[in-house]
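Open the model in your viewer and keep the selection panel at hand.

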Amino acid sequence: MGDSKSGVVAEDTKNLETSEESQTALPRHVAIVMDGNGRWAKRRGLPRVIGHQAGMKALERTIDNAKDLGVRYLSVYAFSTENWKRARSEVQGLMGLFRYYLKGKIQQMHRRGARVRFVGLMNAFQDDILETVRSAEDLTRDNTDIDVIFCVNYGGRQEILDAVSSLMRSNHDGPVTEDVLRKHLYAPDIPDPDLLIRTGGELRISNFWLWEGAYSEFYFSDLLWPDFDRAELERALHSYAGRNRRYGTA
Ligand code: IPE
Ligand code: IPE
Ligand code: MG
């Protein structure tokens, strides 16, 4: 995609943001399946973990861009419950990066007004990671510019199972409605994702936001995650702005 074209898209997106319809034209919650790090590295003859490192830079950029463009909630799929099946060396490399990111970047996100939250089966992580996660959540709790939700050791099926278990422990009386179950999900206060972006060219959900994404709009990008940039985010937002969300109505 040439620069001139992305320039036009950028201009259009800007108009949407400032127009009367901006409240509905701009997604409140953007969710991203950050896929393609391994292939990005492979194409360069580099180890996969270098692709994950480049992916972290893309994430930092994307948080800034999303905030700048007015996205209120950004959730990112960083590690799935199935990703433990990967080679030990890759899993260890990812844990190392997670640690580095937590210890090095949280202050920066705090200064930028971001509230950070972690969603998934957190007790699979080592104690030092857990402590840093909790202190990052505490430190940034009152920030209101953007909520960044890191989905780590997250699986949509696991989340639903955990919600059912939690509901059963709660001695709930009466019918189990959607609203009742929703209260037991990992982050019931976060609005459902309006726009779900997947990079890396695969056309699947891979166990992300199964309950919450029931009516999300999808945007599939052929860019590998480390190459994801502001122009592509603007294209996704622009595509979203042209959709007609019907929720089953005629
Ligand atoms: C996504 O990139 C990051 C994680 C799953 C942790 P991949 O590592 O899946 O990259 P590809 O899909 O193999 O290129
Ligand atoms: C989804 O990507 C998980 C994350 C991006 C964290 P995967 O690379 O694990 O998904 P599949 O294996 O292609 O479905
Ligand atoms: Mg992948």
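The tour gives, for each stop, what to select and what is there.

This is a predicted model, in which local features need pLDDT of at least 70 and side-chain atom pairs count only at pLDDT 80 or more, while totals for chains, interfaces and linings use all residues. Residues are numbered from 1 along each chain as its sequence is written, chains are lettered from A and ligands numbered from 1 in the order in which they are written, and side-chain values use heavy atoms, with hydrogens and water left out.

**Stop 1: ligand 1.** Select ligand 1 and the 13 residues that surround it, of which the closest are D35, G38, R39, R48 and R86 (a residue is near a molecule if one of its heavy atoms lies within 4 Å of it). By class, this shell holds three nonpolar, five polar and five charged residues (Ala, Val, Leu, Ile, Met, Phe, Trp, Tyr, Cys and Pro count as nonpolar, Asp, Glu, Lys and Arg as charged, and the others, Gly among them, as polar). Colour α3 (37-43), α4 (48-69) and α5 (88-111): each supplies at least two shell residues, and α3 gives the most, with three (helices are DSSP runs of H or I, at least four residues, and strands runs of E, at least two, numbered from the N terminus).

Next, show the polar contacts (pairs of N or O atoms within 3.5 Å). An N or O atom in the side chain of D35 is 2.8 Å from an oxygen atom of ligand 1. Backbone atoms also take part: a polar one of G38 at 2.9 Å, and an N or O atom of N37 at 3.1 Å from a ligand 1 oxygen. The protein buries 87% of the 380 Å² that ligand 1 exposes when taken alone (Shrake-Rupley method, 1.4 Å probe).

**Stop 2: ligand 2.** Select V33, M34, D35, Y77, A78, F79, N83, R86, R198, R204 and S206, the residues around ligand 2. Strand β2 (residues 73-80) contributes the largest share of this shell, three residues. Which distances separate ligand 2 oxygen atoms from side-chain N or O atoms of S206 and N83? For S206 the distance is 2.6 Å, and for N83 it is 2.9 Å. A polar side-chain atom of D35 lies 3.1 Å from a ligand 2 oxygen. Of the 390 Å² of accessible area that ligand 2 has on its own, the protein covers 77%.

**Stop 3: N207.** Go to the loop between β5 (195-198) and β6 (217-220), where N207 lies. N207 is not a glycine, yet has a positive phi of about 75°. N207 counts as buried, because its relative accessibility is 12% (buried means under 20%).

Methods:
A polar contact is a pair of N or O atoms within 3.5 Å; within protein, one must be able to donate a hydrogen and the other to accept it, and residues adjacent in sequence count only if both atoms are side-chain atoms. Buried means under 20% relative accessible area, exposed over 50%, partly exposed in between (1.4 Å probe, protein chains only).
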